[in-house]
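Colleague: I'd like to learn how to read strands and sheets in a model. Can you walk me through one?

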Amino acid sequence: MKIEREIVIEAPLARVWSLVAEPGWWVGADHPAKEAVAGELYVASHPTEGTFPVLAVTVDPPRYVAYRWASARAGVTPEESNSTLIEFTLVEEGTGVRVSMVESGFDTIDFPEDVRRRNLDANSGGWDLELGGLKDRAEKTE
Amino acid sequence: MTVDAVLAALADPTRRRLLDVLTAKGEASATSLAVGLPVTRQAVLKHLAVLDAAGLVSSRRSGREVLYAVAPRQLAATARWMADLAARWDRRLADLKRMAESP
């Protein structure tokens, strides 16, 4: 089970890489403003969602970087049993860069009860997602 | 019935196939499900038990057999949850784009 997203950015590869390689950039403004080093653990924090340790798994400049984070449990050190893997791949396209993001590993981790409830209550932002036919099945039988 | 039980149940290709077949048939017994799949009736029953525990199928007795059907509520809730996570990534990537493109 994974989430795949991508976006095309009109900026040079080096510029996009420098941003994507900052560990925990997606969490919010408060994260280390330097290139991640594989195997290192970093901390990024969000004013309301909490503090997230982010592990740099693979750093392959300037096109690929992978992190682990335990998004469902702020403050927990990411390991395979409690975290998802986030991979960013950069490909030059025209004058810009296509950034592809894959977050995987949702089917192998345990979520804390409060997170399950909150997530189940959350409203959807649309059906546009990679779920291997989940949507079709749910709609066909409802 | 929780998200992780649903995700773990869906992680297995045979169980996904079972859901597909059940969706197509509407309702079916373990015996008739085993006919169309490369697994034994015993294995089908085990997979159905996992799907049942995750709230993904329902069952009812009809004469001498038990008939299974897809229960859509948990599937829909899990799909909503994944869609919410995906929407968060759209926002994060849009923020990244804004930052990278600003002079």
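Colleague: Which residues of strand 1 of chain A are on the covered face, and which on the uncovered one?

Modeller: In a regular strand, side chains alternate between the two faces of the sheet. In strand 1 (residues 2-9) of chain A, Ile3(A), Arg5(A), Ile7(A) and Ile9(A) make up the covered face, while Lys2(A), Glu4(A), Glu6(A) and Val8(A) make up the uncovered one. Strands here are DSSP E runs of at least two residues, helices H or I runs of at least four, numbered from the N terminus. Mind that this is a predicted model: local features need pLDDT of at least 70, side-chain atom pairs count only at pLDDT 80 or more, and totals for chains, interfaces and linings use all residues. Residues are numbered from 1 along each chain as its sequence is written, chains are lettered from A and ligands numbered from 1 in the order written, and side-chain values use heavy atoms, leaving out hydrogens and water.

Colleague: Which strand does strand 1 of chain A join, and how many bridges are there?

Modeller: Strands of a sheet pair through backbone hydrogen bonds, either parallel or antiparallel. Here 8 bridges link strand 1 to strand 6 (residues 96-104) of chain A, running antiparallel; pairing takes at least two DSSP bridges. Glu6(A) has Ser100(A) as its bridge partner, and Arg5(A) has Met101(A).

Colleague: And in what order do the strands of chain A form the sheet?

Modeller: The order is 1-6-5-4-3-2, an open sheet of 6 strands with antiparallel pairing. Strand 1 and strand 2 (41-46) of chain A are the edges, each pairing on one side only.

Terms used
Buried < 20%, exposed > 50% of the residue type's maximum accessible area, 1.4 Å probe, protein only.
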